[in-house]
Amino acid sequence: MNVREVHEFLNEMWESIFRLNEELKAELPEKGFKVEDVEEVFGAYIFLDGEWRLMKYPHPAFEIKPQIEVGATPEAYYFVVAVPKERISENFVGLFVELFPRSFIYGAEDFLSDVYNWRRDGRISPSEIMARIEKSNEKIFQFEANFESVETLREGIERLIDIGKRFEIFDL
């Protein structure tokens with residue numbers, strides 16, 4: 001392990017999330033969203049070697065209220081949006097996985113049992129994902145998208161807000 005590389009990687013991960021947070025604080029209130037401060041998040045999971053694994057170390061994240069978390073882990077930059085089951089439609093699911101091919105969908109309660117996992121499921125149909133959602137006892141589902149850079153994450157947040165408003169998933 002090269003300690004300098006780990007150090008530089010972590011610094012860049014944190015710095016880029018702080019920058020994005022400040023930029024979004026200036027832009028999103030006019031669209032009805034409140035951007036919270038960056039926090040250290042503990043107890044998150046990342047998908048490694050075919051399974052969800054606990055991160056015993058913190059990663060940077062912040063909330064965009066209502067319903068969105070934005071952050072970075074060693075795996076990826078990400079956002080997660082919480083959507084009540086009754087607001088999820090097949091059209092929303094289809095557009096979400098099309099716009100965000102590196103995505104996961106899982107329940108808020110049993111988040112380790114995902115209903116869609118881009119690494120495991122590949123490109124399954126929106127109707128199959130919707131059937132899994134309807135079969136579940138979960139009341140709220142987390143739609144997560146992963147990105148390779150903070151720039152693509154920023155673009156993803158803008159797309160999410162657009163489709164979220166279109167499909168009325170937000171409590172605005």
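Met1, Val3, Val6, Phe9 and Leu10 make a nonpolar surface patch of about 530 Å². A patch is built from residues with over 30% relative accessible area and no salt bridge; nonpolar side chains (Val, Leu, Ile, Met, Phe, Trp, Tyr) are joined within 5 Å, like charges within 9 Å. The areas come from the Shrake-Rupley method with a 1.4 Å probe, and for residues only the protein chains shown count as cover. Met1 sits in the segment before α1 (3–27). Met1 is exposed, at a relative accessible area of 89%. Exposed means over 50%, buried means under 20%, and partly exposed lies in between (1.4 Å probe, protein chains only). Helices (H or I, at least four residues) and strands (E, at least two) are DSSP runs, numbered from the N terminus.

This is a predicted model: local features need pLDDT of at least 70, side-chain atom pairs count only at pLDDT 80 or more, and totals for chains, interfaces and linings use all residues. Residues are numbered from 1 along each chain as its sequence is written, and side-chain values use heavy atoms, with hydrogens and water left out.

The largest nonpolar core holds 45 residues. Such a core is a set of buried Ala, Val, Leu, Ile, Met, Phe, Trp, Tyr and Cys residues joined through side-chain atoms within 4.5 Å. Ile64, Phe79, Phe96 and Phe143 have the most contacts inside this core. Helix α5 (residues 150–166) gives the largest share of the core, 6 residues. A second, separate core has 8 residues, including Phe47, Ala61, Tyr78 and Val80. In soluble globular proteins, nonpolar side chains tend to be buried together.

What does phenylalanine 143 touch? Its contacts (heavy atoms within 4.5 Å) include Phe79, Val80, Val81 and Val83. Ile88, Phe92, Val93 and Phe96 are also among them.

Helix α2 (residues 90–99) has its own buried set: Phe92, Val93, Gly94, Leu95, Phe96 and Val97. Among the elements that cover these buried residues are β7 (77–84), β8, β9, α4 (126–135), β10 and α5.

Strand β8 (residues 103–107) is mostly covered, with 5 of its 5 residues buried. In a regular strand the side chains alternate between the two faces of the sheet. In β8, Ser103, Ile105 and Gly107 point one way, while Phe104 and Tyr106 point the other way.

Which strands pair with β8? Pairing requires that DSSP finds at least two bridges between two strands. β8 and β10 (residues 140–147) run antiparallel and are joined by 5 bridges. Here phenylalanine 104 has glutamate 144 of β10 as its bridge partner. β8 and β9 (residues 114–117) also run antiparallel, joined by 3 bridges. Isoleucine 105 stands opposite tyrosine 116 of β9. β8 and β9 form a hairpin, with 6 residues between them.

Next come the charged pairs. Side chains of opposite charge can pair when their charged atoms come close. The structure holds 16 salt bridges, each a side-chain nitrogen of Lys or Arg within 4 Å of a carboxyl oxygen of Asp or Glu. Arginine 120 meets aspartate 114 in one of them, at 2.5 Å from N to O. Arginine 120 is partly exposed, at 46% relative accessible area, whereas aspartate 114 is buried, at 12%. Arginine 120 also forms a salt bridge with aspartate 121, with the closest N and O atoms 3.0 Å apart. Aspartate 121 is buried, at 16%. Salt bridges that share partners join Asp114, Arg120, Asp121, Glu128 and Arg132 into one network.

Arginine 53 and aspartate 49 form another salt bridge, with their closest N and O atoms 3.6 Å apart. Arginine 53 is partly exposed, at 33%. Aspartate 49 is exposed, at 69%, and lies in the loop between β3 (45–48) and β4 (51–54). Its phi is near 50°, a positive value in a residue other than glycine.

The loop between β5 (59–65) and β6 (68–72) contains proline 66. The peptide bond from lysine 65 to proline 66 is cis, with omega near 5°. Glutamine 67 lies in the loop between β5 and β6. Glutamine 67 has a phi near 80°, a positive value in a residue other than glycine. Is glutamine 67 buried or exposed? Glutamine 67 is buried, at a relative accessible area of 19%.

How values were computed
Lists of a residue's contacts leave out its neighbours within four places in sequence.
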